Amino acid sequence: MTALIEAHTREEFNRALDAGAKVLGVNARDLQTFEMHPELFGELAPSYPEGVIKVAESAVLRPEHVRAYRDAGADAVLIGEALVTGDDPETTIKEYLQA
């Protein structure tokens, strides 16, 4: 088992890498204000060292959000809110997988 380490800021991101994170997620949700900053993953993606799995988290409400994270270099996308609040989670997952 490997831990998914989550960062919300560049400082947390760097601390996670310094601690040896092998699976590192960048969460677009500011936990103080709950504002979303989906561009944060793209800003930090070039700083991932080789061999660290890049996970984009939050701000995923439509298939184009999955595509944007993929295009920014994400190896994986963590999806939660869209599945919990949507009417048809099965269809949502299928749409996201096609993205």
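Mentor: Let us begin at the end of a helix: just after α3, Gly73 takes a positive phi of about 115 degrees. Helices (H or I, at least four residues) and strands (E, at least two) are DSSP runs, numbered from the N terminus. This is a predicted model, in which local features need pLDDT of at least 70 and side-chain atom pairs count only at pLDDT 80 or more, while totals for chains, interfaces and linings use all residues. Residues are numbered from 1 along each chain as its sequence is written, and side-chain values use heavy atoms, with hydrogens and water left out.

Stepping back into α3, which spans residues 63–71, we find that Pro63, His65, Val66 and Tyr69 are buried, where buried means under 20% relative accessible area, exposed over 50%, and partly exposed in between (1.4 Å probe, protein chains only). Because these residues cover an arc of only 160 degrees around the axis, they lie on the same side of α3; the arc is that of the directions from the helix axis to the C-beta atoms. The buried residues of α3 pack against α2 (39–44), β3 (53–57), β4 (76–78) and α5 (89–98).

Between them the chain crosses from β2 through α2 to β3, in a right-handed β-α-β crossover; right-handed means that, with the strands pointing away from the viewer, the path from the first strand over the helix to the second runs clockwise.

Strand β2 also pairs with β1 (residues 5–7), in the parallel sense and over three bridges, and here Leu24 is the bridge partner of Ile5. Two strands pair if DSSP finds at least two bridges between them. Together β1, helix α1 (residues 10–18) and β2 make a right-handed β-α-β unit.

Both faces of β2 are covered, with Val23, Gly25 and Asn27 buried on one side and Leu24 and Val26 buried on the other. Asn27 counts as buried because its relative accessibility is 9%. Its side chain makes a polar contact of 3.3 Å with that of Glu6; such a contact is a pair of N or O atoms within 3.5 Å, where, within protein, one must be able to donate a hydrogen and the other to accept it, and residues adjacent in sequence count only if both atoms are side-chain atoms. Leaving aside neighbours within four places in sequence, Asn27 is in contact with residues including Glu6, His8 and Leu40, contact meaning heavy atoms within 4.5 Å.
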